[in-house]
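User: I am new to this structure and would like to learn how to read it. Could you take me through it step by step?

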Amino acid sequence: MTFSNNPEFAIQKDQQDPLASYRQKFLFPQHDNKPMLYFTGNSLGLQPIGVREALLQECADWEKFGVEGHMLSKNPWYSYHERFTQGSAKLVGALEEEVVVMNQLTVNLQLLLISFYRPSGKRNKILFEHKPFPSDQYAFESQAKLHGLNPEDVLVEMKPRTGEYNLHTEDILSKIEELGPELALVCFGGVNYFTGQFFHIESITQKTHSVGAIAGFDLAHTAGNLPLELHNWNVDFACWCTYKYLNSGPGSVGGVYIHQRHVKNPDLIRLAGWWGHDKSTRFNMEPNFQPMKTAESWQLSNAPIMSMAVHKVALDLFSEAGMPAIRKKSVELTAYLEYILGEVQNETGVALEIITPSNPEERGAQLSVIVLGATKSLVSRLWDAGVVVDWREPNVIRMAPAPLYNSFTDIYSFGKVFSNLLQAKP
Ligand SMILES: *Cc1c(COP(=O)(O)O)cnc(C)c1O
């Protein structure tokens, strides 16, 4: 790809972009009556335009029908979660019986660990990536304690080579081999939230199975960011949130994938609730738990309709655009950002070290950049100049050009603002 650091180039790229019209379907925070240059879709995606109407629909049906809305509303609440089956399966490359939308991410991770972290004897270790999102680490620690184990004995963090930020797939595979019969579970983020590294899910899963362990993935930064083939890759379980790349609103409902072979296994331990019970007899209100024959059997509670109404609008945009097209644009957009950061470095002489892998196969729509000598005030100065990025201690800014709503012009304009700001003394 050859890029240019001028507005004509960016405008031309936007004109040629088959997904350009999606930008009109989102609401941007404003700065000086112009949309902000928003690069934190990996933290909280922007609001799709249809959200307000979808929420008002549920409010109106609740007003009109009260409890009968479970069956009579336009989108009956009783079966509301089924509206996601097709879209979620397509999103993560799963069979329809393998996915369900429920709860929130960390709750789902804990529920899945109950089923899939079953330490026995020497086989009790959990291998996870260097610097996982802290919530995941807390979940692993608490699960170890739940089994009467000392987290220090069973949690194994995969460290990078000295002086490096990212992990080599070959090192991960040999670590799995080394742990062998002591390994119960490998649980990585699909994309690490800090570095933006996209792990090789298929080969990690394959190697994990070859030593007799279970492979699960936290796809918080992966779902809606990269195309996935969870079923074909034979992944045991996965979970994701929907408020980052998937634009479904703060704290919105989460997604879960469980491989068919586990879904069909009624003996697998799971925490049960009435919404996981066979739906044809659920309202007999009988004591004996009969699990649904799909991932829905992990559901505990009836569905949070307001969050789901938002998620439906957002997920439909992904189903419509399709992950292959989204990914195609994403690869170029991220490469353009990488190029523009290089230009800013040349113009300003400020060292900008991108720690995200430079290989497009090993990253999605995120670049994590060390800005030498910068402090957190950089992010508020960018905000005051109309740019939204985020800050991770000690000196990393993370930027995610989201292919559904960010443009090449956004990135060009960011380069100008950033360059000026770095040249002006704080
Ligand atoms: C964003 C994120 C979370 C947040 O968890 P919630 O339960 O949604 O608050 C957890 N894990 C990872 C890997 C994340 O990226």
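User: How far does a polar side-chain atom of His221 lie from an oxygen atom of the ligand?

Analyst: This is a predicted model, in which local features need pLDDT of at least 70 and side-chain atom pairs count only at pLDDT 80 or more, while totals for chains, interfaces and linings use all residues. Residues are numbered from 1 along each chain as its sequence is written, and side-chain values use heavy atoms, with hydrogens and water left out. A polar contact is a pair of N or O atoms within 3.5 Å; within protein, one must be able to donate a hydrogen and the other to accept it, and residues adjacent in sequence count only if both atoms are side-chain atoms. Here the polar side-chain atom of His221 is 3.2 Å from a ligand oxygen, while a side-chain N or O atom of Tyr243 lies 2.5 Å from an oxygen atom of the ligand, and for Lys244 the distance is also 2.5 Å. The protein covers 82% of the 390 Å² of accessible area that the ligand has on its own (by the Shrake-Rupley method with a 1.4 Å probe).

User: Which residues are around the ligand?

Analyst: A residue is near a molecule if one of its heavy atoms lies within 4 Å of it. Around this ligand are Leu105, Thr106, Phe133, Asp136, Asp218, Ala220, His221, Tyr243 and Lys244.

User: Into which domains is the protein chain divided?

Analyst: Domain bounds come from an automatic or database domain assignment. For this chain, the assignment gives domain 1 (7-48 + 323-423) and domain 2 (54-321), whose C-alpha centres lie 29 Å apart. Counting contact as heavy atoms within 4.5 Å, 34 residues of domain 1 are in contact with 26 residues of domain 2.
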